[in-house]
Amino acid sequence: MSLTGNSPIELGGNQVRFDPDTHIRNVFNRPESFLYDSDGVVLKGIRGTAGAAELIERGVEVGADRITMESGAEFELHTHPGAHILYVLSSRGYIHVDGVDYEMVAGDTVYVPADYAHGVKTNHAVREPLELLSFGVPHLPIDSVSRMTVVKQAVAAAGA
């Protein structure tokens with residue numbers, strides 16, 4: 001396989017060519033979008049900016065997006081259909097896993113396995129928005145209602 005010139009790279013039957021219009025995305029100067037929960041409700045205080053994404057093996061997409069969370073905002077306990085890595089760009093916040101809040105600070109990376117329940121929230125003592133890069137496989141559009149599934153608490157599901 002040659003990686004020189006404009007030769008396509010073959011991945012699982014897909015031929016991918018580098019396209020600078022698609023494969024270079026600045027997440028600081030692109031329009032922001034609202035994010036939604038799995039019921040289609042806008043997540044208050046949370047915005048996202050679509051980064052680069054591309055189909056890889058067997059039609060699975062890999063991609064990265066910037067997520068900005070205003071002070072006091074949070075993602076409820078939820079899952080994603082694929083694994084992802086969060087990179088903290090600025091501020092401080094928490095990732096909630098297995099009943100524990102783990103602090104995240106600028107420069108931290110956090111791996112979350114596919115279908116693993118977790119939540120993310122800002123540090124209420126910090127006024128600066130929490131900014132993250134989220135790298136996912138499979139990647140779903142930033143404004144997709146399928147991007148995450150809120151985990152309903154057993155008590156709420158029982159009608160209590």
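Residues are described here as buried when their relative accessible area is under 20%, as exposed when it is over 50%, and as partly exposed in between, with a 1.4 Å probe and protein chains only. The structure is a predicted model, in which local features need pLDDT of at least 70 and side-chain atom pairs count only at pLDDT 80 or more, whereas totals for chains, interfaces and linings use all residues. Residues are numbered from 1 along each chain as its sequence is written, and side-chain values use heavy atoms, with hydrogens and water left out.

Strands are DSSP runs (E, at least two residues) numbered from the N terminus, and two of them are taken to pair if DSSP finds at least two bridges between them. By these criteria, five strands form an open sheet with antiparallel pairing, in the order S9-S8-S11-S6-S13. Its edges are strand S9 (100–105) and strand S13 (149–150), each of which pairs on one side only. Strand S8 (residues 92–97) runs antiparallel to S9 and is joined to S9 by six bridges; in one of the pairings between them, Arg92 has Val105 of S9 as its bridge partner.

A nonpolar core is a set of buried Ala, Val, Leu, Ile, Met, Phe, Trp, Tyr and Cys residues joined through side-chain atoms within 4.5 Å. The largest such core has 20 residues, and those with the most contacts inside it are Ile46, Met69, Phe75, Ile95, Met104 and Val120. At least two residues of this core are supplied by each of S4, S5, strand S7 (83–90), S8, strand S10 (109–112) and S12. With contact meaning heavy atoms within 4.5 Å, and with neighbours within four places in sequence left aside, Val120 is in contact with residues including Met69, Phe75, Ile95 and Met104.

Strand S12 (residues 130–137) contains Ser134, which counts as buried because its relative accessibility is 8%. Beyond its neighbours within four places in sequence, Ser134 is in contact with Gly63, Ala64, Asp65, Ile67, His84, Ile85, Leu86 and Arg147. Phe135 also has its place in strand S12, but with a relative accessible area of 39% Phe135 is partly exposed. Together with Ile85, Tyr87 and Tyr111, Phe135 makes a nonpolar surface patch of about 390 Å², where a patch consists of residues with over 30% relative accessible area and no salt bridge, nonpolar side chains (Val, Leu, Ile, Met, Phe, Trp, Tyr) being joined within 5 Å and like charges within 9 Å. A salt bridge is a side-chain nitrogen of Lys or Arg within 4 Å of a carboxyl oxygen of Asp or Glu, and accessible areas come from the Shrake-Rupley method with a 1.4 Å probe.

Definitions and conventions:
Helix = DSSP H or I, 4+ residues; strand = E, 2+ residues; numbered from the N terminus.
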